[in-house]
Amino acid sequence: MEHERFACRPKSPQARQAVDAAAALRSRLHACPEPAGNERQTKAVLQQFLSQNTGLELKECGPGFYAVHREADLRRPAIALRADYDALPLEGGGASHLCGHDGHAAALCGVALLLERAVLNREVFLLFQPAEETGEGAKSCLGLLEKEPVAEIYGAHNLPGLPLGQVYTRSGVFACASRGLTLRITGCQTHAATPELGRSPARALGRLLCTLPEPAPPQSAAGLALCTVAGARLGKKAFGIAAAQAELWLTLRAERDEPLEEMQAAILHKMHELAAADKLDCSWESQDSFCATVNEKACAQKVLAACQGKLLASPMRWSEDFGQYLRHCAGAFFGIGAGTTAPPLHSAGYEYPDPLLWPTMHAFMNILAF
């Protein structure tokens, strides 16, 4: 098919039909939001759409799946394109597509429709991945890179606040590494009238909070490094009891994986030191762990050239589990503007804009044809 310059509506009848079908699909996905690890209906809707509207072969891949575009004349290396499809959990239960993953999945289905008549001299693998929000989805779908001859992999995310349809990327770090830490300090409960007979974690918790690392500015040698206090809990509201248990919840964030690991090690060392000084027990666990998303230079340059992209000045502070694929395969992640007046990601008023479907489909097709 002819690859047109960017427009919010395509010119060819096939492309217009594909966009309309993708918009109708996005509406269906938006109406059945499911959080990470529970995307059964979402997956079924996507597979049904692809089975009914394309001749692509569907294959399971961990909890996700992929669709295969085969060609006989394979003069060019195979490329994989990835979309996520989980929604954000809401306080009090339920979920909502406040990050636009419904649009990501619908746009990739639109690409599947365009591939029906495309001759690219390469195989294309369309990977549909669950559980991006927890950082677990990509790790569970790495089997694609073992089963198929994927030479490069690409993914995209909508970027509210930037011009609609404009592609942005950069070589090196595109999105930061991050990790949630839960720290627990445990003492011995006693009556509030005799605190000396127990062991309270209050002093250790207070000192630990005061020794947390200061934010490293983005222009520092190691790049941005942040330790954010997400919350804390000490004892309970019972005035006859001296506190015996404390929890501290931290989010660590850095441009590179190594500074994040160093920051975690320093915090854990200090916790153990303070706990030992007051004869307290301590433990920890991590969750929502994301490695840095680091683009291959040649692949990032391909995105910029193929999509008339603009250079992203600095890495995104948020995290994206696409970085797991880039640890094993050349590729690049990029963003596409969702409009300068669009609400921020994860805010109550955000919904993926349907006019962004065609620019996203168009960008992916241009990468495949480049």
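Rings of Phe, Tyr and Trp (its six-membered ring) form an aromatic pair if their centres lie within 6.5 Å; planes under 30 degrees apart count as stacked, over 60 as edge-to-face and the rest as tilted. The model is predicted: local features need pLDDT of at least 70, side-chain atom pairs count only at pLDDT 80 or more, and totals for chains, interfaces and linings use all residues. Residues are numbered from 1 along each chain as its sequence is written, and side-chain values use heavy atoms, with hydrogens and water left out.

**View A. An aromatic cluster.** Phe174, Trp318, Phe322, Tyr325 and Phe333 make up one aromatic cluster.

View B. Phe65 is in strand E2 (residues 64-69) and Phe128 in strand E6 (residues 124-129), 63 residues apart; strands (E, at least two residues) and helices (H or I, at least four) are DSSP runs numbered from the N terminus. Both Phe65 and Phe128 are buried, where buried means under 20% relative accessible area, exposed over 50% and partly exposed in between (1.4 Å probe, protein chains only).

**View C. An edge-to-face pair.** Phe174 and Trp318 are edge-to-face, 6.1 Å centre to centre with 65° between the planes. Phe174 lies in strand E9 (residues 172-175) and Trp318 in the loop between strand E17 (310-311) and helix H9 (323-326), so the pair ties together parts 144 residues apart in sequence. Phe174 is buried at 0% relative accessibility, whereas Trp318 is partly exposed at 25%.

**View D. Helix H10.** In H10, 12 of the 13 residues are buried, including Trp358, Phe364 and Leu368.
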